Amino acid sequence: MGNYKKDGHLTLRLLSDRIVKAQQPIRILDSIKWGGEIQQAFFAKKCKELPPVDSDYYQKNKFSFDFDEKREEFQMLERDISRQVGQFSSVGSIMLRMCREYRYVLRFLEARGTAAFSGLSQELYGSADDAFYVNAPRLKDLAKIVSSALDNIKDKITNEFDEKKYTSAQAAKILNERLSHYFVNSNLANRVKVSDGIVADAAAGSEWIKIRKDALFSERDLKILEVHEGWVHMGTTLNGLQQPICTFLSKGPPSSTVTQEGLAIIMEIFHFVSSPLRIKKLTDRVSAIAMAEEGANFLEVFNFFQSQHYSDEDSYKSSVRIFRGSLPDKGPFTKDLVYSKGFILIYNYLRLAVQEGLVERIPLLFVGKTSLEDQRLLSHLYEEKLIIAPQYIPHQLKDLAALSCWMCYSLFLNKLDLEMIAVDYRNILEG
């Protein structure tokens, strides 16, 4: 029996390693990015003409793999997983879903620069018009509610922590020092580096956190990067890499992005380092994606960001995030929905896990690059000792007693009608 179990674990490890290897050359964001020459051309035309991006533009950015061969590789993996593990086992279900999703990603990348790209993006990352349940508010409705609240406090929410005073080199040094204290015993040293090849102010990969060379950072920015990119994105990568059998948890397909970014935003808020202006930036992207889904082109989205008081450069960069991979008038790349969507899904999961007495599953959100839909299956894998507990978990989610208190009150507060409360509070709130 012992040898049979050991052989089974070896089989799982080998199949898991094959998934990791098969997905390595698939780099979604690198495959759909716009170069600096597009920005130069756009501003040379005084921001009055669509960026010069057509289907031929993407063909210059070659892939390092053959699509037919890569498809066959995943199909053979699915076949071997079904034969050697079983399609109905917990671990087999997760591995098969990952393989199918990567095959869908190949379809998605092949559609760069075509009208089909945006629809395929919606299948992977969702739509601003998606519902959370029957007749529920849509994701795009969140942006309206947040914007309305922010309009009332926009001049009262900045302080000394928001002063942009650190260069990228200084920021990298500070973050490396802080993360070295968080990731004890990890051999993680100097993993934050300066880069001039990213659109966002920062991005976390499998081995590095990159921060943009020409960006300036505030103390709030540094705290957000420490929590968001470090504790969550790098933390889940390291936890996944420590898995002795299910090594596929160190890598994640697009469905895991929703969980990853949802966790990252929740940790910003739980750690009290986020700000209303940051949340507004995320919800403005939801509004812009909704516009593009309804037919708005790059110029109209760019003008929307300008109307929200972003600089021309920031308006351009935010618009590029929404149209990269697509054409300037053919619908959005919807990945930027996952921050707000993921926050809502993860927050509700935490509340329900407390309500249903399943708090022991919450730390498994950090076991690697997981998808929320796999949490029940991951709990089975933990019980079967196919995965080990994550080492790096932010204390806010590690202390399940304290977290449960927050969620218990949240369950009750959700039942209160804020409009009715506002009527009773008017004598307190009115100036």
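Helix 6 (residues 90-110) gives the most to the lining of the largest cavity, with 3 residues. Helices here are DSSP runs of H or I with at least four residues, numbered from the N terminus. This is a predicted model, in which local features need pLDDT of at least 70, side-chain atom pairs count only at pLDDT 80 or more, and totals for chains, interfaces and linings use all residues. Residues are numbered from 1 along each chain as its sequence is written, and side-chain values use heavy atoms, with hydrogens and water left out.

Start with the empty space. Rolling a probe the size of a water molecule over the atoms shows where empty space is left. On a 1 Å grid over the protein atoms alone, a cavity is a set of points where a 1.4 Å probe fits but cannot get out. A pocket is an open set with protein on both sides within 12 Å along at least five of seven lines. Lining residues have an atom within 4 Å of a point. Grid points are joined across faces, edges and corners, and a volume is the space filled by probe spheres set on the points.

The structure holds 2 cavities of 30 Å³ or more. The largest cavity has a volume of about 80 Å³. It is lined by 13 residues, and Arg 97, Met 98, Lys 369, Thr 370 and Asp 374 are the closest to its centre. What classes of residue make up this lining? There are 6 nonpolar, 3 polar and 4 charged residues. Ala, Val, Leu, Ile, Met, Phe, Trp, Tyr, Cys and Pro count as nonpolar, Asp, Glu, Lys and Arg as charged, and the others, Gly among them, as polar.

Now turn to the second largest pocket. Its volume is about 1,400 Å³. Its lining has 34 residues, and Leu 142, Ile 145, Phe 343, Ile 344 and Asn 414 lie nearest the centre. Several helices give two or more residues each to this lining, including helix 8 (139-153), helix 11 (254-270) and helix 15 (338-355). By class, the lining of this pocket has 25 nonpolar, 5 polar and 4 charged residues.

Go back to helix 6, where Ser 90 lies. Ser 90 is buried, because its relative accessible area is 12%. Buried means under 20% relative accessible area, exposed over 50%, and partly exposed in between (1.4 Å probe, protein chains only). Not counting residues up to four places away in sequence, Ser 90 touches Leu 377, His 380 and Leu 381. Contact means heavy atoms within 4.5 Å. The side chains of Ser 90 and His 380 are also joined by a polar contact of 3.2 Å. A polar contact is a pair of N or O atoms within 3.5 Å; within protein, one must be able to donate a hydrogen and the other to accept it, and residues adjacent in sequence count only if both atoms are side-chain atoms.

Another serine, Ser 379, is found in helix 16 (residues 375-383). Ser 379 counts as buried, because its relative accessibility is 6%. Leaving aside neighbours within four places in sequence, Ser 379 is in contact with Arg 361 and Leu 364. Ser 379 and Leu 364 are 15 residues apart in sequence, but 7.4 Å apart in space, C-alpha to C-alpha.

Next comes Glu 78, in helix 5 (residues 67-84). Beyond neighbours within four places in sequence, Glu 78 is in contact with Leu 96, Cys 99, Arg 100 and Arg 103.

A disulfide is a covalent bond between the sulfur atoms of two cysteines. Cys 99 is buried, with a relative accessible area of 0%. The sulfur of Cys 405 is 6.7 Å from the closest cysteine sulfur, in Cys 408, which is also too far for a bond. Cys 405 is partly exposed, at 48%.

Finish at helix 13 (residues 298-307). Its buried residues are Phe 298, Leu 299, Val 301, Phe 302, Phe 304 and Phe 305. They pack against helix 3 (36-44), helix 12 (276-293) and helix 14 (312-323). At the start of helix 13, a side-chain oxygen of Asn 297 reaches to within 3.1 Å of the backbone nitrogen of Leu 299. After helix 13 comes His 309, whose phi is positive, near 75 degrees.

Key. A disulfide is a pair of cysteine sulfur atoms within 2.5 Å.
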